[in-house]
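Please consult the sequence and the structure shown below alongside the text.

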Amino acid sequence: MADRPNAETHMKLEPWAWTLTAQLAVIAVVVTVILAFLVAWEGDRSEFEEHRALFFARALGAVSADQGSDVSRAFITATAAKDPSFLSAWVIRDGGEDEFGISRGQAYDASMDGDEVGSILTDLTESGVHKSRSDRFARSTSGLAETQKPGHVAPYFALDTDEESGARSAVVPVVRGATTFGAAGVSVAPTMPDAPIPWLLLLAIGAVVGVGGAFGLSAVKARPELRSKVLVGIIAAAVLGVGLGGWWSYTSSYSGELGRRVADVERVRDAATSLGLDAPAIASLLQQADVSFTGAQGYLTGTAPTLDDGFEARVQATHGAGRRVVIFWAALVLLLGLAIGHRSIVGVVTGIPEQPHAYLYVAPSLIGMVVLVFVPFAFGVGMSAFDNDARRYYFVGVENFIEILTGSRSGDVSFYWTLFVTVLWTGLNIALHVSIGLGLALLLKNPMLRFKKAYRVLLIVPWAIPNYITALIWKGMFNKEFGAVNLFLEKLQHLAGVAEPTSIDWLGGSFLSAFTANLVTNTWLGFPFMMVVALGALQSIPNELYEAAEVDGASRWQQFQTITLPLLKPALFPAIILGTIWTFNMFNIIYLVSGGGPNNSTEILITDAYRAFDVLGRYGFAAAYSVVIFAILLLYTMITNRITKATEGAVE
Amino acid sequence: MTGKNRVGEIFTHVFLVLFTIVILYPVMWVVAMAFTPQQGFSMSLMPIPEEPTIENFVYVMSTTGSDGSWLFGRQLLNSLVVSGLTTVFGIFLACTAGYAFSRFRFVGRQGGLMMFLVSQMFPGTLMLIPLYVILDALGLLNQLMGLVLVYSTSAIPFCVWMLKGYFDTIPRSLEESAIIDGASQFTIFWKVILPLAKPAIAVTALFSFMTAWNEFILATTFMSQESSYTLPVTLRNYVGEHSTYWGYFAAGAVMVSVPVMALFFALQKFLVGGLTAGAVKG
C-alpha cells in the first residue's frame, strides 16, 4: 500500500499529540486570518484617500479647461478655504503663462517639487507637444487622447502617495474638446488614517481561541457523544462573531466614507456656485469630477451617470470594492472550509510527517492552484452576492440568482433558452466529435492501410491551429458575401440549374444558421482530440481478441459491439466528460464566430455571463451567472461519474 | 489479399482523401488570403491567390509602436518568453504533482485529484476580476510573469491527470530495485521515472506551450500597453469590432500558427501514447 522509501524520516511523536497540535494550529490560523481581514478592512483607507485627491484634481481640471485662470485660481481658493486637508493645488497650461497654484504647509506638491513642475512646464512650452520628463505626467496628459484608439487603453490620471506624510496626489490632464493642453494636480492630507494591523493582539486572540477549540475537540475524545455539539458550538460562535464584525465593519466604514464623499462633492458645488457658474456648468463639472464617485454623485442627484471608460477602468473600479467583497467572503469561505474540511485539514497536517515526500512533491502545484485558481474562485463566489453601479457595490444576497433563474432580466433572452442552447450545443458537439473521431480511428487502425501516418498527421491539423484563429477563419468562411461556404453553395445551385442562386446569411440570418456555423466550426476543431484518444485506446486492444472472435464466427458489427466498445470505455469516458466540460464552456467559438447573434439567440451560458460582465458591467451578476454554470457542470459530472465510474479507476 | 479487400481499401482511401481535403480547405484558404493583396476575401472558391504577394507579411512584421520601437518583434519576444516559461513551469508543476498522486498514498490524495478535476469547471468569467485583483496585489499586472503564472496553473490540472495515468503504467519494480541500490527518493524521480515518462512529458510541454501561445482574453485584460501584448492580442485586433484587416489577420495567423504547428508535428508521435496510456491500462 503505502510506498515510503525513506521511512527513517518519520518523526517520533505520539499520534494524539500531532492531532492536537494540528487542530490547534488550524483553528488559530483561521481565527487570526479572519480577524486580520476584518481589521485590515476597517483600517485601509488608502484607496478612499487617493480618490479624494483625484476627485479634486478632476474638478480643478474641468474648471480650468472651461474658465480663465482667474476663475480657476478663485476656485482653488474657494475649495481649499474650508478644508484643512487640502495641501496644494496647481494648474499648468500650454504657453506657460497660466501657471499658478497654492500650497499649505511645506510641500508645494506631495509628488513633485517646484523645480520639477517648472521643468515640466518648460518641456511643455518648448516642445509644443505634450512631452515630458516625468513619465507619470506624460501619461496623464496624453492618456485621454490615447484612450480613443480602439483596443488600446491608457491611464488617464496619475496617483501618488507620499510615504512620509501619507499625502495623496493626483494629476489629471486639462482637456478641451479633443485637445489636451495642460495638467492639474491636487494633493490632500489623509483624513481617515490607516489603522495599523495589531498582529500581536490578533495572534493572541487566535491562539486563545485555537487552544480553547482544540482542547474542546480533544475533550470530545473522552466523551464522543458531545462531538457534534462541540463542533456546532465552535462553528456557530465563529460564524456569529465574523458575521457581526463584518456587518459592523462594512456599514460603519462605508457610511463613513460616503458621508465624507458627499461633503467633498458639496464643497466643490458650493465653490462653483460662489464663482457664479450656472447650473448646467456645475452639473457637468460634478459629472466630470465624479467619474469614480458615482456613489456620491448618485446619492446627491439621484441619477448616477452612465460611464464608459473602457474595460480597464471598469475593472479598476471593481478593485477597491472587490477587496471588500473578498474580505467579507473569504472569511465566510474559510469558515465553511473549516466546517466541512476540518477533519481532512487535520488529517493532511498529521499526515505530513508520515509522508513528507508526497506533500513535498504536491506542494508547488497545490500552492499555485490555491493562489491562482481556488482563491479567485472563492472571491468570485463572494462577488455573486453583490450588485454594482459603476463603482458602488451593494449587498443583494441571492437576488442575482433569483434574477437569473426567474429569467426576469428585461429585454434579454431567457436563461432557460440559453441553457437549452448550451445543452444542445454540448450534446451535438460531443456526439459529432466522438462519432467522427472514433470512425476515423477505426479506419486508421487497419494495419494494412497505406499512408495511414500521413492521414493521421493531416487530420490533426485542426487541433494544432490556435482555436481563436480557427474561429476567425470560419467566421470568414461563413461570411455572407465572400465566404467560401456560400460560394460553394452557389456553385452547387448553378450546377443544379438554379437561375438565381440564393445566398444564406449564416451568422446574422436565423438562430439555426448561426448555430450551424458555430457547430461546424467546433466540430472541425474538436474531432482530432477524440480521434487521437480513440487511436491510443484501440492500439491497446490485443489483436488476439478479434482473431478469436473471427474463429467463433462473429460479424464485424458484433466484434465492434462486444470487444471494441467495452474496451474503449476506460479511455473514452474520461475524455468525453472532459470534452463535455470544455465544450460547455467553449467561449472562443461562440464569441468569435456568431458573437451570440442574431439577437443573442445563439449565446451559450458562458458567453451570456461574459456579456453581463463586459457589456452591462454587472460584475456581481456575471459572477452569480458563472456560479450557476459551475453548479450545472458539477452536477453533471457527479451524476455521470456515478453512472460511468469514469474517474474511479484513476483515483484508486 | 482478396479482391473484396482491395475494393474496400480503395473506398477507404477515397473517403479519407476527400475528408482530408475538406479538413484542410480552411487552412489553405487562410494561407491564400495571407498572400492576397487586398484586405477583403477573394471571390474565388479556389484557395490559390491570383497575384501572390508578401505585402501583408511585411506590414504585420514591420508594425511599430507610438514611440517608434519595433512592436512586432517585441510582441513576438513576449509570446516566446511567456510560452517558454509557461512550458518550463507547467512541466515542473505537473510532473511533481503527477508523481506524488501516482506513487504515494497520502491523506488528501483523492481530494486533491478531485480538486484538480473540479477546477476545470470554473467558468473563466468568474475568474477574470479576481485574477486581476490578485495579480495587482502581487505587483504582477502588466508583467509577463503574471501571465506565466496564470497560464501555468490553468494548464496543470489536465496535465497532472494525464501524467498520473502515465506514471501508473510504469512498473514499481524499477523503483524497488533502485531503492535496493541505495537511490534517494529524488534520484528515483529524476533518474528513473522522468526518463521513462518522456512521451507524457512531451505532451505536457505541448499543451502548456499551446495554452500560453494561443490565449488572448487574459492577455488583453492584464496587459495595458501594446509593448507588453502577446501576439494573439494584436492578431485578434486586426479583425476586431472596428476594423477588419483580413489580409493582415491571415498573414499573422499563418506566422503565429507555424511555430505551434511545427511543435505539434514534432511531438505528435507521442500524443497517442502520452494521452491514453494511463486510461487504458485496464
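With which residue does A:Arg450 form a salt bridge, and how far apart are the closest N and O atoms? The partner is B:Glu9, and the closest N and O atoms of the pair are 3.8 Å apart. The model is a predicted one, and every value in this briefing is computed from it.

**Salt bridges**

- Over all chains, the structure holds five salt bridges.
- A:Arg450 is located in the loop between helix H13 (415-445) and helix H14 (452-459) of chain A, while B:Glu9 belongs to helix H1 of chain B, so this pair joins two chains.
- Across the interface of chain B and chain A, the rule identifies one salt bridge.
- The distance of 3.8 Å between the closest N and O atoms of A:Arg450 and B:Glu9 falls within the 4 Å cut-off that defines a salt bridge.

**Interface of chain B and chain A**

- On the side of chain B, 107 residues are in contact with 110 residues of chain A.
- The two chains bury about 10,000 Å² between them, and 77% of this area is on carbon and sulfur atoms.
- Four residue pairs in polar contact are found across the interface, with both residues of each pair at pLDDT 80 or more.
- Helix H1 (residues 3-34) of chain B supplies the largest share of the side of chain B that touches chain A, namely 17 residues.
- Sorted by class, that side of chain B comprises 73 nonpolar, 22 polar and 12 charged residues.

**Cavities**

- The rule gives a count of 11 cavities of 30 Å³ or more.
- The largest cavity contains about 1,700 Å³ of space.
- A total of 49 residues line the largest cavity, and those nearest its centre are A:Asn467, A:Trp582, A:Met586, B:Ser154 and B:Thr211.
- Helix H6 (residues 144-168) of chain B gives the most to this lining, contributing eight residues.
- By class, the lining of the largest cavity consists of 32 nonpolar residues, 16 polar residues and one charged residue.

Methods: Residues numbered from 1 in each chain as written. Chains lettered and ligands numbered in written order. Predicted model: local features only at pLDDT ≥ 70, side-chain atom pairs only at ≥ 80, totals over all residues. Heavy atoms only, no water. Contact = heavy atoms within 4.5 Å. Buried area = accessible area lost by both parts, 1.4 Å probe. Salt bridge = Lys/Arg side-chain N within 4 Å of Asp/Glu carboxyl O. Polar contact = N/O pair within 3.5 Å; in protein donor to acceptor, adjacent residues only side chain to side chain. Helix = DSSP H or I, 4+ residues; strand = E, 2+ residues; numbered from the N terminus. Nonpolar A, V, L, I, M, F, W, Y, C, P; charged D, E, K, R; others polar. 1 Å grid on protein atoms, 1.4 Å probe; cavity = no way out; pocket = protein on both sides within 12 Å on 5 of 7 lines; lining within 4 Å. Points joined across faces, edges and corners; volume = space filled by probe spheres on them.
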